Amino acid sequence: MNEQIVEINLNNLDEKYAFNKIAKQASGAVMYRQGKAVLIAAVAVDEKAVDEDFLPLTVQYMERSYAAAKIPGGFIKRETKPGDFETLTSRIVDRSLRPLFPKGFNYPVTISIMVVSSDSEVDMQVAALHAANAAFYVSDISVEKSIAAVRVGKIDDALVLNPTLSQQDESVLDLLVVGSGKDIVMIEMRTMASEKIDDVEMDMIDPMMGGMPLILEHQECNELENEALVDAIAFAAKAIESASTAFEKAFAPSMREGLGLVLAAEKADEALYSYIEEHYSEAVEKAISHMAKSERSTELKKVRTAIMESLEAEGKESDKTLVSKVLEQYKSTVVRTMILEKSLRADGRELDEVRPISIETNILPSVHGSCLFTRGQTQVLVTATLGDKKHAQMFELITDKNTQTEHFMVHYNFPGYSVGDAKFIGAPGRRELGHGNLAKRALEPVLPLEYDGTIRLVSEVLESNGSSSMATICGGALALRAAEVDMVELVAGIAMGLVAEGDKYAVLTDIMGLEDHDGDMDFKVAGTRKGITALQMDIKLGGIDLNILKDALEKAAKGKDHILTIMEDAEQKMEASQALPSTEHFSINPQKIADIIGKAGATIRDIIEKFEVSIDLDRDKGGVKLSGHDKEKVAAAKEHIEKIANAPVRKQMQYEVGKTYVGKVKKIVDFGIFVEMPDGFDALLHISKVAKERVNDLHERYHEGDDISVVVMEQKGKKVELATPEYLA
């Protein structure tokens, strides 16, 4: 088939798709172009299905350094492990395309997206989604729907469709929505903090500002209210519908003939399903009532064993794999029916009830801030560590020319023992990076915009039965408060679920693992009492009605406020950590910074050693930051620095040329003597002006601290030329 070019101009994007041009042995491929950005996406499928009942989909988004005309940094000059942005983008593509696969599709599929040319204005996540979607849609897997991605920004109170990267820097909203037709399948959202200038009267004068009007600023987290969020999603949904329809029409001529892959049957054995339903319904319901995943798994295994023994006693075939599969299907049906028909949850809670919460803060004596947050059978230990700017994480983006620094880090660890699995604890995977990133996005808007340092939050998941990422947000907010970080507001997170059959649906508050697994939606909402700072949604239905979304948001707000009330109570009982460094922030005259540093850094080194503190200076603004473990020494260092800064400015005297003055030997070096003159300023007596004869060793004649008579030969500004009376005699 000949090369086919498709050009689409929609939603502020000019895109070009080239089919049948590259990777022709793949199941589907495309060369995608937007601006100067060029991406290659390819799909490969293994025609042998796996035995397990799941979709083995792997998505890899890769950025090549040559795409930005760079050579990889470091010792190894080739791309190695993917960066965080690559991993997170791979997750977004995976979550967006996974709902398009039909039930029973158990064939291994790999989708590779490679950036081979970059553009500093192109949103690479939207580009990757569209490139992967195009390759997938025209592949021989026989896909029926196309997705479309839209990013929505908010600049000057107006919604902007697919803002460029420079526009995103000005936006206070980052909303990424992916859907197909009228259906929304994936949402990622966060807000960005900003400074707002308050209205002030002109007669409010600040004398420290030279009589200028006083300008007051305060930080806004820009939380989004439910109604505003729904409006923004509806705005995106309209653009998605037009784009996905256009994609399907434009890509159709390039579609390959389907492989005709056979889908696994939804119910492998109708007779066995009916047998379990008739004889073991009570046993399954009893097993489901066990809250912990490990306990529930044990009880279901007992039910499976009983079923197999019963079948064998009746002379019927008993296959362990088949029984396990059908039992899992029946269990899922029971869970969903209980919720929809009886409004009953497996653990006995009401549909809108949050599990019991307990909070302990600063339980680790040698840590700056810590919180043990337990909600039901989900438990996380979150720690906060404070550092200087030099402790920031450096990273590079292919769309940026310069190296970036990350001053707020959230690291999430999920060991196997948290769910009762005997697994080796290795490097963090995609799930860990994704959950940590979600927590970071939720908490970042409430951190001080001008925070002068680096913060690292680490969440150790000790037990998990439903949304440990939301527990990380709650525990993280309190760990930050425990470390005395001046946050604007507390942030809480809650995970919502959905079970829907036809026109009937039920929204679940604070879902546990069982409801996440057997439900139709994973909807995570985080924010303050004022609104939402971050949101993540994945739909298994193929789409969600906006009215259901409104209902879920309202119930999430109630649950979030309930959790915040408990967190606020815990904050009131919080005791300060003894490990916290003492920190002082103050300002001095910027012209005095040089005096604090001293010649060749001598003064500042002396302060650091004497008072055991670290010092950060802002030369332009005169800002001083002192940190140390001893509060008294930090206070003494501040007093010492202020004394230097408040000392009257010395003026250099005008010397009379040819006149003799008495100074002090300040320092002896190989080429001469630094002499402290009567005005306190230093002048150099060169070794050639000490005596008429050659002097080999000045130490034989002078000692530091001695008085010395010198004659001023010349004075040009601050430079004073000296000689001894002996030399001039």
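The questions and answers below cover those topics in turn.

Modeller: This is a predicted model, where local features need pLDDT of at least 70, side-chain atom pairs count only at pLDDT 80 or more, and totals for chains, interfaces and linings use all residues. Residues are numbered from 1 along each chain as its sequence is written, and side-chain values use heavy atoms, with hydrogens and water left out.

Biologist: How many cavities of 30 Å³ or more does the structure hold?

Modeller: A cavity is a set of points on a 1 Å grid over the protein atoms alone, where a 1.4 Å probe fits but cannot get out. Volume is the space filled by probe spheres set on the points, which are joined across faces, edges and corners. At 30 Å³ or more, the count is three.

Biologist: How much space lies in the largest cavity, and which elements give two or more residues to its lining?

Modeller: The space in the largest cavity is about 50 Å³. Lining residues have an atom within 4 Å of a point; among them are Ile 8, Glu 15, Val 150 and Phe 247. Helices (H or I, at least four residues) and strands (E, at least two) are DSSP runs, numbered from the N terminus. Two or more lining residues come from each of strand E1 (4-10), strand E2 (13-19), strand E7 (148-155) and helix H4 (226-251).

Biologist: What is the make-up of that lining by class?

Modeller: Ala, Val, Leu, Ile, Met, Phe, Trp, Tyr, Cys and Pro count as nonpolar, Asp, Glu, Lys and Arg as charged, and the others, Gly among them, as polar. The lining of the largest cavity has seven nonpolar, three polar and one charged residues.

Biologist: Is Asn 11 buried or exposed?

Modeller: Asn 11 lines the largest cavity and sits in the loop between E1 and E2. Its phi is near 55°, a positive value in a residue other than glycine. Buried means under 20% relative accessible area, exposed over 50%, partly exposed in between (1.4 Å probe, protein chains only). At 15% relative accessibility, Asn 11 is therefore buried.

Biologist: What is phi of Asn 162 near?

Modeller: Asn 162 also belongs to the lining of the largest cavity. Its place is the loop between strand E8 (158-161) and helix H3 (165-168). Asn 162 is buried, at 8% relative accessibility. Its phi is positive, in a residue other than glycine, and near 50°.

Biologist: How are H9 and H10 set to each other?

Modeller: Axes are lines fitted to C-alpha atoms, for helices over the stretch in contact, and angles run from 0 to 180 degrees between N-to-C directions. The axes of helix H9 (residues 430-443) and H10 come within 9 Å and cross at roughly 40°. Angles under 35 degrees count as roughly parallel, over 145 as roughly antiparallel, 65 to 115 as roughly perpendicular and the rest as oblique. H9 and H10 are therefore oblique.

Biologist: And how are H10 and H12 set to each other?

Modeller: Helix H10 (residues 468-482) and helix H12 (residues 546-572) have axes 11 Å apart. They pack at an angle of about 25°. H10 and H12 are therefore roughly parallel.

Biologist: What separates the C-alpha atoms of Val 230 and Lys 550?

Modeller: Val 230 is in helix H4. Val 230 is buried, with a relative accessible area of 5%. Along the chain, Val 230 and Lys 550 are 320 residues apart; their C-alpha atoms are separated by 7.0 Å.

Note on methods: On a 1 Å grid over the protein atoms alone, a cavity is a set of points where a 1.4 Å probe fits but cannot get out, and a pocket is an open set with protein on both sides within 12 Å along at least five of seven lines; lining residues have an atom within 4 Å of a point.
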